[in-house]
Amino acid sequence: MIRFDNYSCRYESGKEPLLHTLNLQINPGEFVFVTGPSGGGKSTLCFSINGLIPNEMEGSLYEGSVTVDGINVQQTFPYDLVSVVGTVLQDPEWQLVRGTVKEELTFALENMGVPVEEIDRRLAQVAEQVQIKPLLLRSSLELSGGQKQRVAIAACLMMQPKVIVLDEPTAELDPMGKEMVMETICELHREWGYTVVFVDHNLDVTLPHASRVIVVANGRIIADAPPSRLFDQQAVRKLLPMPQVVHLSRQLGVRSPDGGDPLTVAELEEELARRLGTRAPLAGTNNEQLIRDEPARSGKPIIELKQVRFKYKKHDTDLTIKPVDLRIMQGEFTAIIGHNGAGKSTLCKLITGLLKPSSGEVLIHGKQANSYQAEQRVRHVGFVFQNPDFQFVRRTVYDEVAYGLHIQRLKAEEIDVRVRQVTKLLNIDNYLNEHPHFLSRGERRRVAIASILALEPEVIILDEPTTGLDSLRCQEMMSYIRKLWQKGHTIILLTHDMRVVADYVPRTIVMSGGQIQWDAPTRDIFAKKEELHRHQITLPPVVELSYALGWSVPSLTSEEFIAHMDREEGVIETAAEGVLR
């Protein structure tokens with residue numbers, strides 16, 4: 001179905017090829033998961049399949065050929081390929097062009113002259129599959145990032161192509177949204193026989209569904225293997241952190257009957273049950289001893305919300321902030337979680353002053369937030385947008401990161417030190433002279449984060465900071481954020497990544513319907529398994545496994561889980577040294 005023959009490509013302005021002499025064959029009906037480090041060539045691979053390279057990317061050069069269903073891609077314009085290759089881009093805003101969601105979904109079919117009855121039939125089917133029926137008459141400008149991504153996926157499915165290329169389609173979605181999209185794509189793959197090329201960084205979510213995994217790094221294919229055998233390769237283990245289930249199974253020396261790695265909680269639970277034999281479940285063990293030392297709330301509140309209300313004038317009540325009372329203490333590390341449209345971003349925009357409450361008070365250091373001048377407020381509270389493009393105002397990465405420092409009138413030497421320090425940390429120091437908008441989504445996000453981190457505000461609010469980052473960059477990012485917290489900064493993290501919350505964040509706030517549902521230590525929040533599911537929040541694999549084994553208190557990290565299992569003498573044998581390696 002897809003064939004790369006001695007294919008390489010680069011941009012005229014670049015010295016190094018983006019892809020090096022690629023030879024690859026993808027058969028009809030395969031579900032291929034493409035992963036690898038940011039900037040390694042994954043998106044370039046996608047653009048070479050759908051014809052954006054070389055037909056729409058100015059200055060792109062290629063050698064060799066790419067064919068899809070026998071059609072030479074380089075010699076066919078993308079609009080002639082849409083009935084063969086459907087594409088969902090990394091950033092949904094790049095491909096939404098119509099006034100309402102319904103118009104967006106029907107636009108291409110109307111231009112192709114498809115009968116109205118067939119358009120209506122497909123619209124009803126796709127809207128149900130992707131759960132966007134309530135959005136059909138809404139403007140795409142009013143949608144959250146996750147909702148926009150669902151619409152982009154639905155628009156692709158309307159074309160019923162033979163090949164679906166998805167470039168990180170679940171990056172902006174809440175956990176339940178990720179599962180829903182994966183189930184939709186898998187169902188389309190099973191029932192309709194689509195060939196699926198799925199690019200993503202989230203190995204925990206995507207790996208169990210793929211029939212084949214291709215790892216791309218530095219423009220080359222590093223690995224091409226079945227999912228359960230991917231981490232048998234040393235090159236992959238050096239390049240990619242393991243999914244949590246795979247990491248746990250290898251630490252415990254557990255393998256599937258076929259000799260591969262378990263990929264889901266259910267598979268690992270089954271193998272552990274086989275090893276445990278007839279022993280009683282591990283309920284009642286002393287997992288309480290593993291509760292981490294989490295700093296108690298102390299000191300003075302730095303952020304206070306008192307009976308704060310807010311309603312968008314043009315929006316429905318489901319996007320309304322209902323009376324909210326909240327205190328964030330100095331030096332706290334807090335996560336705010338909830339499904340798309342729960343009110344997380346709106347709440348933080350109220351804190352930063354980007355939105356004004358309809359009623360109630362927002363206080364910073366006990367003073368009315370609106371009493372601070374803008375340049376004073378930014379010294380107290382820095383906000384990294386969910387969409388990094390919303391905050392770029394300069395023409396180079398260096399100037400973008402330095403912009404706020406210039407406003408604060410710091411000396412040129414100090415500005416240079418801060419810019420180079422933070423850009424090196426986030427691995428964007430090679431792009432200092434590049435225009436921010438010319439970078440990949442993950443790289444643009446890192447530039448946006450760098451521009452705030454360089455200011456070193458007291459409170460740092462990060463809206464989905466790990467979206468678009470590969471697993472290694474995600475770990476590095478969160479380690480740096482944790483260091484900022486340990487140095488005394490107050491961190492507020494908005495995220496859909498529950499593993500990040502479990503691994504790093506002591507306090508968690510759950511929002512739904514514009515209200516705070518729960519506010520407690522993270523372990524207590526994850527103890528509310530059924531309640532979280534009702535609010536469209538899924539648990540990290542290690543927490544799910546803890547409950548599956550009957551533990552009264554869940555482990556939050558792989559390290560806690562392993563330590564717990566090690567204390568259960570005779571429960572599991574020490575893994576062979578070779579398996580651990």
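Reader: What is the relative accessible area of Gln536, and how is it classed?

Author: Gln536 has a relative accessible area of 34%, so it is partly exposed. Buried means under 20% relative accessible area, exposed means over 50%, and partly exposed lies in between, with a 1.4 Å probe and protein chains only. The model is a predicted one, in which local features need pLDDT of at least 70 and side-chain atom pairs count only at pLDDT 80 or more, while totals for chains, interfaces and linings use all residues. Residues are numbered from 1 along each chain as its sequence is written, and side-chain values use heavy atoms, with hydrogens and water left out.

Reader: Which backbone feature marks Gln536, and where does the residue lie?

Author: Its phi is positive, near 65°, although the residue is not glycine. Gln536 belongs to the loop between helix 19 (529–534) and helix 20 (541–548). Helices (H or I, at least four residues) and strands (E, at least two) are DSSP runs, numbered from the N terminus. Asp69, also not a glycine, has a positive phi of about 55°; its place is the loop between strand 4 (60–68) and strand 5 (71–72). With 33% relative accessibility, Asp69 is partly exposed.

Reader: Where does the backbone show a cis peptide bond?

Author: The bond from Ile53 to Pro54 is cis, and its omega is near 10°. Pro54 is part of helix 2 (residues 52–55).

Reader: How many residues of helix 20 are buried, and what follows the helix?

Author: Seven of its eight residues are buried, so helix 20 is largely enclosed by the rest of the structure. The buried residues are Pro541, Val542, Val543, Glu544, Leu545, Ser546 and Tyr547. After helix 20 comes Gly550, with a positive phi near 85°.

Reader: How many salt bridges are there, and which pair links distant parts of the chain?

Author: Side chains of opposite charge can pair when their charged atoms come close. A salt bridge is a side-chain nitrogen of Lys or Arg within 4 Å of a carboxyl oxygen of Asp or Glu, and by this rule the count is 22. In one of them, Arg499 pairs with Asp204, the closest N and O atoms being 3.2 Å apart. This pair links distant parts of the chain, as Arg499 is in helix 17 (residues 498–504) and Asp204 in helix 7 (residues 203–206), 295 residues apart. Arg499 is partly exposed at 22%, and Asp204 is likewise partly exposed at 26%.

Reader: Which residues are joined with Asp232 into one network?

Author: Asp232 meets Arg229 in a salt bridge of 3.2 Å, N to O. Arg250 also forms a salt bridge with Asp232, with 2.6 Å between the closest N and O atoms. Arg250 lies in helix 9 (residues 244–251), and Asp232 in the loop between strand 10 (220–225) and helix 8 (234–239), so the pair ties together parts that are 18 residues apart in sequence. Through shared partners, salt bridges join Arg229, Asp232, Arg250, Arg255 and Asp261 into one network. Arg250 is buried, at 6% relative accessibility, whereas Arg229 is partly exposed at 33% and Asp232 is partly exposed at 31%.

Reader: Is Arg212 buried or exposed, and what does its side chain contact?

Author: Arg212 is buried, with a relative accessible area of 12%, and its place is in strand 9 (residues 212–217). A polar contact is a pair of N or O atoms within 3.5 Å; within protein, one must be able to donate a hydrogen and the other to accept it, and residues adjacent in sequence count only if both atoms are side-chain atoms. The side chain of Arg212 makes such a contact with the side chain of Glu30, at 2.9 Å.
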